[in-house]
Structures are given as structure tokens and as C-alpha cells.
Amino acid sequence: MREPEIPGHRLSLVSRSTGGTIFGMEIAYRVREPAPPLAHAEFAAYPELIRNLLYHRGLRTRAEAEAFLTPSYDLHTHDPLRIAGMEKAVERILRAIKDEERIVVYSDYDHDGIPGGVILHDFFKKIAYPHFENYIPHRYIEGYGLNSGAVEKLAESGAKLLITVDCGITDVEPVVRANELGLDVIITDHHLSFGELPPAYVILNSKQEHCDYPYDMLCGAAVAWKLVQALIAKGDFGLTEGWEKWLLDLVGLSTVADMVPLTGENRVLAHYGLRVLRKTPRPGLLKLLRIAGVKPQDITEDDVGFTIAPRINAASRMGDPRLAFDLLSASEGGAGETLARELNRLNDARKGMVGAMVKEMKRTFALRAESPVIVMGNPEWRPGLLGLAANNLMEAYRKPVFLWGREGGETIKGSCRSDGTVNLVSLMQAVPLGTFREFGGHALSGGFSLLPEAVHHLEAKLSEAYGGVKEEVTTKEAEVDALISIKEITPGFWRELLKLAPFGIGNPKPLFMLERVEISGVKRFGKEKNHLELALTDGFGAELRAIRFFTGEDPYWNSPLFELKRQVSVLGHLEAESFGKKGVRMRLVDVRAA
């Protein structure tokens, strides 16, 4: 049977390899080679699939495998006092408590900073210390990080010690101003520093060159939790031994949501963080989970990334970040119910606003001349929403995207996403000086700010610079963890696979291929019918449900390939069913006629 013509196809089968195009590049899927005999001997206690998965995650010894599959809180977390400056920070906070000084916890406004701020809030509440407050800057009024205006206001109110969470490492001028006003600053952060460090009383950041802490990929909330650990170890607060473990729900939430590598100590924190989340007594969080349709006892990393974190972020993107803080720190159910409903409403509004922005952008793009880089802006667009919109446009048009909006006064801020053909940092560096006020990020994702007059020439300058830094990547290879059959996907298979969870950066979900299965059902679902569900069968009675979200306007996922009785080969990740259904389904990555 001749294969149908499918625009933008991404998968073709050639023996044990597959290929196609994605983001403008050729992509080939290659099934991993089995682990060598020595690895199978070392991991003999585990099923064959697990042995291969462990080996291809860089594990080589039985001890490493045991640490990975059964992480130990006592054995695999590190002494917080090994973080450079921790002794000094603890001494200063204990002195402030003894002298009844006013302490301010100043945290970022996202899914890392807010839980980190709640961690310190819960500690001070637990030890019944009344002289503290939590401060979270407003995204659109004050912007990211410390600002001198807030420092001056806090000093005027009597604060003597300021502790940052998930910010501060680059805020030199505000820290100088704090020192001038007699306000000591303890910075807890996990971001990289560039150039001059702030003259803080002490900086806690395991990424510092002189820090010999064994692990340097903690998120911001985890650094704050390490500070609490050290305070409990050095202070005399009469707390029950191990009380700080109840704060791991927030540490795990931020570790997963902030997309730091789930390796080393982070794997331990995510593992135990999810266990505590499943037992969390936080009334606000419980209300939020109920409204979102998530059973606390079944929480996974996907629930954190796709359900909890977006609602926490919606507070600052759409309103006041304090809403999310108050929800996570709420001590009674009535307040939690109100806050949960408001956060859910804001998240729905955020999705609607992003959707409307993307539609407007696509209409505008259709009328514009061809350009290698998409650049759009509107003073009415909220910068906090532009990253989501930029990612949508990048996936739709397979081009680098730069979007800008206005944030407070005349400040123009934006977000950018790459389609893989260019490193965004290199591209922004190649643009003439005077275009960007500030920029930063990574190869595929970044942010920037502009002077108002620079927006008129931004597209031309980026398009011109693009030709000089474009990466001529024409082939990308992705590895398939295993070829499996539908009948192999049993409850026992799923239980073994879950031992590798939580999945994330550094520990990706295994990618499986099903060869020559038949489509026995096709369904479009969702409010706008923009999601795809396939029923797959092997022809011998074994069946599997497979889904893919947001296929609405993609010509590939709406092609003639997806029709009854079609034989296909599919790639995807396995996941638990949701919405009350039991069993396992596949989250589709790619499909191709067999």
C-alpha cells in the first residue's frame, strides 16, 4: 500500500531506524543498542528493560542503581553546612532572632521563589517568631529581583535583616542601597552570577567557585530549605526531630517545576517531595488539587508541571503573586478554598489571554513579508505571558520568535524561543550594541529588554544577524529506549517502569516504539476538539489508548494517516490514565504509516 502524502511528516521506518523532519531539521529515531553483558550481570537483580534503561542513564554499578531506584534521605542528601557561607548566615539569623530584629523574606514571584518563601515562613511560624514578613515583588510594577524602592520601604518599616529566595545574585545596586540603610542582606539563590557580586552580608549559592558543596544544581526553594535545615541543626528551637521533612512538599514542587536536573540530590528531593505532597496537610493546596481534578495520593511530576505550577505562576502573570503565597501558606480551609478558586480562575484567564494573543499574532504574521525571524510586539501585551505565546508560534512556524510587550512605564520586555536552528544567546550577542538593554537565557529560550525606540528596527537587525550565526543543523538523532508490543504493557511492566520516576531533565521518560499496530479508533476530544485519541490494536486482541494534546491546526496530525484500519508504527511515552480511568496509555510523540 502506498504511503499517503503527509505534510511535515516526522517518522519513517528503515530497519531499526526512523527518520523525517521536525523544526526544519531531519530527525532520525534510532533504537538503542542493548546494554553490554557486563551491565546485565551487574544489574542482574532487575528485569531486562530496567537494566537497559539504567545503563543508558549512565549508571554502571549495583550501588549506583540502588541509589537511583531507592534513594535514601539519610544517605543521599548532603550536609547544608557545607554550602559556603552557611555558618555565617545561620549565625546572623540566630542573632536576629535573639535580638528580636525585624526579618524580611524577599522571594521571587514564580513556582520556585514563592514555595521557597513559604518554606521560611513556615519555619518562623513554627518557632513562634513574630518579627518577620514575606515580601514578593510585583512582576509588572517592580520586575524581577531586588529593587532599591522595595529596599528603602522595608528599611523604613524597621527591617534589619533581609533574606532573598531565588533571586539577588545579580542585584548589586539594591544591595549597596540596603547596606547604606543599615539592612543586612543574606542572598539565597541558585542562578549563575555574571560579573560583580552584590556586597551582601553573605551569599548562599552552591554554584559559587569557592563552594565545595557536593551538588550545584539545587533550585531556589531547595537552597532556602537547606538554610532551614542548618538553622534547626545549630539552633535550639525544641522542634521534633525531622520536622523539616514536612517542608519537602514545597521543595519537591519547586524542584520539578523549575526543571532543574532530576539527578543526584535533586532526585532525592523530588522523590521524597512527591511523597510528602501526596500527604500534604496544606488546606489551600488540597483545595487547589480538588478543583483541578487531581487526587493528592496520586500526584506525579506531570501534575506538578502541568497543573500546580501553572496555577502558582498565574498569580504573578495575571495579578498579585501574593495570592499563590497565601494559598500555599494558608492554615485553614475557608481561605484556601477562596484562594484556590481565584488561582484557577486566573489560570483559565491566562490561557484565554494567551490564546487570543496567539490568534492576533498569527493574523498579523499572515500579512507580513517573509523573514527568517518572527518579531512582534504590542504595548498592551503582558511580558509575563509572552514566553507561552512565543513557544506556540515557534512550533507553528518553525522559526525563531521574539515577542515584546510593555512592563511598567516605558520598559519594553520580551521573550524569545528558538526552533533549534540558532542559539538565541549567540543571536542576541550578534545584534549591534544599543539594540538590547539586557538579555539572557539559553540556546532555545530567553528574555530581553529594549529601549522603546529600538523596537522599530528589531526585526531587521535580528534577521540580518541570523544569517551569521545560524546553525546548519540538518540532521538530529533521537534515541528510542526499546521496541515493545502492546501485550507487554502489563501492570507489572508499568510498576517496574515507575521505579525510574520521577522523570524530568536528566532522567527523561523512556521513549518506546510500537511497530505495525492498527488504528481501531480515532477520536477528537476537548472543548475545541483540538486533542487526538487513537485506539491501537495488535490484531490479536491486545489494545492500547494513545493520545496527543493540542493537535488542532497542525496539518500532520490532521492528515489522512489517522483513519481506521491504517497500519502504523508509533513512538511515545507511557503514562497512567487520568480522569478516573484505570490502566496505562501512551502519550504520542510521532506516528508513521507502517
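Q: How much space lies in the largest cavity?
A: About 50 Å³. This is a predicted model, where local features need pLDDT of at least 70, side-chain atom pairs count only at pLDDT 80 or more, and totals for chains, interfaces and linings use all residues. Residues are numbered from 1 along each chain as its sequence is written, and side-chain values use heavy atoms, with hydrogens and water left out.

Q: What counts as a cavity here?
A: On a 1 Å grid over the protein atoms alone, a set of points where a 1.4 Å probe fits but cannot get out; lining residues have an atom within 4 Å of a point. Points are joined across faces, edges and corners, and the volume is the space filled by probe spheres set on them.

Q: How many cavities of 30 Å³ or more does the structure hold?
A: One.

Q: Which residues lie nearest the centre of the largest cavity?
A: Phe365, Ser371, Val373, Ile374 and Glu459, out of ten lining residues. Strand S9 (residues 374-377) gives the largest share of the lining, three residues. Strands (E, at least two residues) and helices (H or I, at least four) are DSSP runs, numbered from the N terminus.

Q: OK, switching to Lys226. Buried or exposed?
A: Buried, because its relative accessibility is 0%.

Q: Where does Lys226 lie, and what does its side chain reach?
A: Lys226 is in helix H9 (residues 220-234), and its side chain reaches the backbone oxygen of His78 at 2.8 Å.

Q: What else is Lys226 in contact with?
A: Leaving aside neighbours within four places in sequence, its contacts (heavy atoms within 4.5 Å) include Thr77, Pro80, Tyr213 and Glu265.

Q: Is Lys565 buried or exposed?
A: Exposed, at 64% relative accessibility.

Q: Last one: what's the mean pLDDT?
A: 90, with 93% of residues at 70 or more; pLDDT is the predictor's confidence in each residue, from 0 to 100. Over residues 1-25 the pLDDT is below 50.

Notes
Buried means under 20% relative accessible area, exposed over 50%, partly exposed in between (1.4 Å probe, protein chains only). A polar contact is a pair of N or O atoms within 3.5 Å; within protein, one must be able to donate a hydrogen and the other to accept it, and residues adjacent in sequence count only if both atoms are side-chain atoms. On a 1 Å grid over the protein atoms alone, a cavity is a set of points where a 1.4 Å probe fits but cannot get out, and a pocket is an open set with protein on both sides within 12 Å along at least five of seven lines; lining residues have an atom within 4 Å of a point.
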